[in-house]
Amino acid sequence: MVSPELLRRYPFFAMLSDEQIKAVAVDPTTGTWTDLPPDTVGTIAIAGPTVFPGYLLGWDGDHPVLDDAGRLRDGWLDTGDLGYIAAGELYITGRVKDVIIRGGQHIHPYDLEEAVGALAGVRKGCVAVFGA
């Protein structure tokens with residue numbers, strides 16, 4: 001549920017008031033999910049009545065049938081985003097597959113952003129790295 005404080009500050013979130021959001025750890029071997037405690041970065045999962053329109057192809061009995069872009073576990077959609085929940089608010093920290101492949105090496109933009117942000121004369125948090 002969206003926190004009352006968030007609704008007060010940002011009334012447009014009222015349309016999301018029936019949604020549920022959580023952070024989960026996804027086991028890379030089995031694909032199983034484990035709910036994470038607040039303030040712990042994980043894969044963002046969302047459930048609710050407005051979640052599936054972009055992914056929903058139809059219904060098989062009581063279960064939604066999703067296109068290949070949607071990853072579903074027990075009614076929860078894996079958004080592909082990384083983030084955490086603190087004091088009832090969601091903070092997005094990146095993407096699960098946010099990787100640049102250069103010369104066969106996998107480079108995480110966050111690592112480069114942190115390194116460049118630590119250089120003298122560069123304002124921390126004001127660096128964005130992406131593949132072109």
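1. The second largest pocket holds about 250 Å³ of space. A pocket is defined on a 1 Å grid over the protein atoms alone, as an open set of points with protein on both sides within 12 Å along at least five of seven lines; a 1.4 Å probe is used in the search, and lining residues have an atom within 4 Å of a point. Grid points are joined across faces, edges and corners, and the volume is the space filled by probe spheres set on the points. Rolling a probe the size of a water molecule over the atoms shows where empty space is left.

2. The model is predicted: local features need pLDDT of at least 70, and side-chain atom pairs count only at pLDDT 80 or more, while totals for chains, interfaces and linings use all residues. Residues are numbered from 1 along each chain as its sequence is written, and side-chain values use heavy atoms, with hydrogens and water left out.

3. Which residues line the second largest pocket? They are Val 41, Leu 82, Thr 93, Gly 94, Arg 95, Val 96, Asp 98, His 108, Pro 109, Tyr 110 and Glu 113. Strand E8 (89-95) and helix H2 (109-117) each contribute at least two residues to this lining. Helices (H or I, at least four residues) and strands (E, at least two) are DSSP runs, numbered from the N terminus.

4. One salt bridge is found in a search of the whole structure. It joins the side chains of Asp 35 and Lys 22 (3.1 Å, N to O). Because Asp 35 lies in strand E2 (residues 33-35) and Lys 22 in strand E1, the pair ties together parts that are 13 residues apart in sequence. A salt bridge requires a side-chain nitrogen of Lys or Arg within 4 Å of a carboxyl oxygen of Asp or Glu. Side chains of opposite charge can pair when their charged atoms come close.

5. Is Lys 22 buried or exposed? Lys 22 is buried, with a relative accessible area of 17%, whereas Asp 35 is partly exposed at 49%. Buried means under 20% relative accessible area, exposed over 50%, and partly exposed in between (1.4 Å probe, protein chains only). Leaving aside neighbours within four places in sequence, Lys 22 is in contact (heavy atoms within 4.5 Å) with Asp 35, Thr 43, Ile 44, Ala 45, Trp 76 and Ile 85.

6. Trp 76, one of those contacts of Lys 22, belongs to strand E7 (residues 76-86). Trp 76 is buried, at 14% relative accessible area. Its C-alpha atom is separated by 8.1 Å from that of Gly 48, 28 residues apart along the chain.

7. Gln 20 is in strand E1 and is partly exposed at 39%. The C-alpha atoms of Gln 20 and Ala 47 are separated by 5.2 Å, although these residues are 27 residues apart along the chain.

8. Backbone angles deserve a final remark. Most residues other than glycine have a negative phi. Asp 39, however, has a positive phi of about 65°; Asp 39 is in the loop between E2 and strand E3 (42-47) and is exposed at 55%. Ala 87 also has a positive phi, near 50°. Ala 87 is in the loop between E7 and E8 and is exposed at 78%.
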